[in-house]
Amino acid sequence: MFKIKLLAAALAVLVMSGSVGCESRSDRVERWATTENTNVKLDWDKVNEAYKQASGPEDLEKRINEIYEGDEVISIAVHDQGDKTQVVTGFFDKNSSGTVDEGEQIFTIKREPTGEGTAQYQTMGYGPYYGYHSPLFSIASGMLLGSMMSSMFAPHYVPVYTRPYITPSMRMSTLHSERSSYRAANPARFGPQSQSGRSYGGRPSISRPPAHIPSGGVRRGGGFFGLSRAGRVVRPERLSA
Amino acid sequence: MAPLPLTIAELPFFERPIRELLHLEVDRDRPSHDFAGFGWARADAVWLEPAGGAARRIDDALVIGLHTADDAEALADDLELELELPDRPVTVLASAFLDRWLPGLPQRSAIVLAICNPHRARLHRPAAATVPVHHPVGDVASWREPAPGASPHDRIILTAEDWWTL
């Protein structure tokens with residue numbers, strides 16, 4: 001449902017502005033070709049923190065592309081829904097359509113109010129990052145937050161992105177060049193050995209000691225088939241039929 | 001907006017490539033605790049490895065990947081599964097889930113349940129099962145490692161405290 005709304009809203013933007021829609025197809029595909037690399041780690045802790053600290057969509061997409069260590073540029077769509085809910089979608093705009101098309105989505109971050117002056121957000125992975133599911137992060141007014149998030153606690157909050165913000169295709173080359181500069185300035189992390197499709201290290205996601213982890217250096221980890229949910233107040237609905 | 005009512009049959013339980021189902025598509029040193037994906041997959045072979053024991057090869061397996069939460073109800077002969085849906089989590093007993101879904105899944109030579117079993121429940125054999133069913137004791141994690149010999153494919157390994165066969 002969200003996707004349909006997003007697509008409809010994005011189409012409305014195109015129709016109303018005309019600027020993106022008037023670009024030639026060939027111009028757009030030449031700007032930035034994706035490699036569809038699906039073997040690059042995404043540091044979810046940093047992604048979650050980036051959303052918390054971002055000053056706005058453009059700042060967020062810049063931060064996320066600095067976190068991402070592959071060749072592609074990640075586009076984002078920011079959609080404000082009713083009651084201060086906001087959904088950020090990260091995607092590889094493989095066809096340069098400026099919309100979130102089938103198979104392009106890589107994550108969503110959903111922010112929802114939970115009470116007066118409080119909210120929570122949660123990140124989920126899709127496509128190559130299918131299966132990632134962050135904890136629910138609680139936020140509150142008075143916390144050190146970027147204005148993208150803190151604005152929801154303003155007394156006269158007005159949602160800005162009821163018509164979604166989507167990374168303009170003309171911004172892709174800017175993001176790419178900014179990220180190249182960032183990587184050049186951080187050779188320890190982005191050394192010459194780094195190539196698309198390889199692992200770049202990063203913190204293993206371990207939050208509790210596993211019952212059985214075999215020794216040996218050649219094994220690569222997948223996932224655990226248990227969920228850390230202890231301490232939650234409300235238990236999920238149980239389906240019986 | 002209140003979430004729509006849902007039945008077990010309506011859960012989005014789909015076939016996935018085995019590496020995707022077991023979260024093996026991204027290179028990492030250790031299994032991730034953030035993984036919540038679920039579904040089923042056909043596997044030419046998987047190795048079931050108990051703690052301190054030798055891995056056992058299971059050929060032509062139907063692998064069912066699901067999750068239990070660490071606050072799930074402790075049951076002697078069943079598991080309270082938890083599925084993270086886009087709009088909310090739901091739970092369902094493994095026995096009810098398998099009764100509903102197993103008859104519609106493809107027949108293979110074995111069924112492997114990749115589901116954490118923290119309370120060491122001894123599951124009953126699902127009525128629809130016509131082949132050996134392997135289920136774990138304790139937490140389950142997935143791994144891959146280069147296969148010995150000439151095979152170009154990684155071995156896929158599921159580790160647990162122990163593996164029981166029904």
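Which ring does the charged end of Arg155(B) sit over? The ring is that of Trp47(B), and the charged end is 4.7 Å from its centre. A charge counts as over a ring if NZ of Lys or CZ of Arg is within 6 Å of the ring centre and within 35 degrees of the ring normal.

This is a predicted model: local features need pLDDT of at least 70, side-chain atom pairs count only at pLDDT 80 or more, and totals for chains, interfaces and linings use all residues. Residues are numbered from 1 along each chain as its sequence is written, chains are lettered from A and ligands numbered from 1 in the order in which they are written, and side-chain values use heavy atoms, leaving out hydrogens and water.

1. Start with the sheet in chain A. Six strands form an open sheet in the order E5-E4-E3-E2-E1-E6, with antiparallel pairing. Its edge strands are E5 (137–140) and E6 (165–166), and each pairs on one side only. Strands are DSSP runs marked E of at least two residues; helices are H or I runs of at least four; both are numbered from the N terminus. Two strands pair if DSSP finds at least two bridges between them.

2. Look at one pairing. Strands E3 (residues 105–115) and E4 (residues 118–125) of chain A are joined by eight bridges. Lys110(A) has Gln122(A) in E4(A) as its bridge partner. Strands of a sheet pair through backbone hydrogen bonds, either parallel or antiparallel.

3. Helix H3 (residues 44–53) of chain A lies across E2 (86–91), E3, E4 and E5, at about 140° to E4(A). Axes are lines fitted to C-alpha atoms, for helices over the stretch in contact; angles run from 0 to 180 degrees between N-to-C directions.

4. Now chain B. Phe97(B) and Trp101(B) both lie in helix H2 (residues 94–101), four residues apart, about one turn. Their ring centres are 6.2 Å apart and their planes at 25°, so the pair is stacked. Rings of Phe, Tyr and Trp (its six-membered ring) pair if their centres lie within 6.5 Å; planes under 30 degrees apart are stacked, over 60 edge-to-face, the rest tilted. Phe97(B) is buried at 1% relative accessibility, and Trp101(B) is buried at 15%. Buried means under 20% relative accessible area, exposed over 50%, partly exposed in between (1.4 Å probe, protein chains only).

5. Arg28(B) is buried at 11%.

Key:
Contact = heavy atoms within 4.5 Å.
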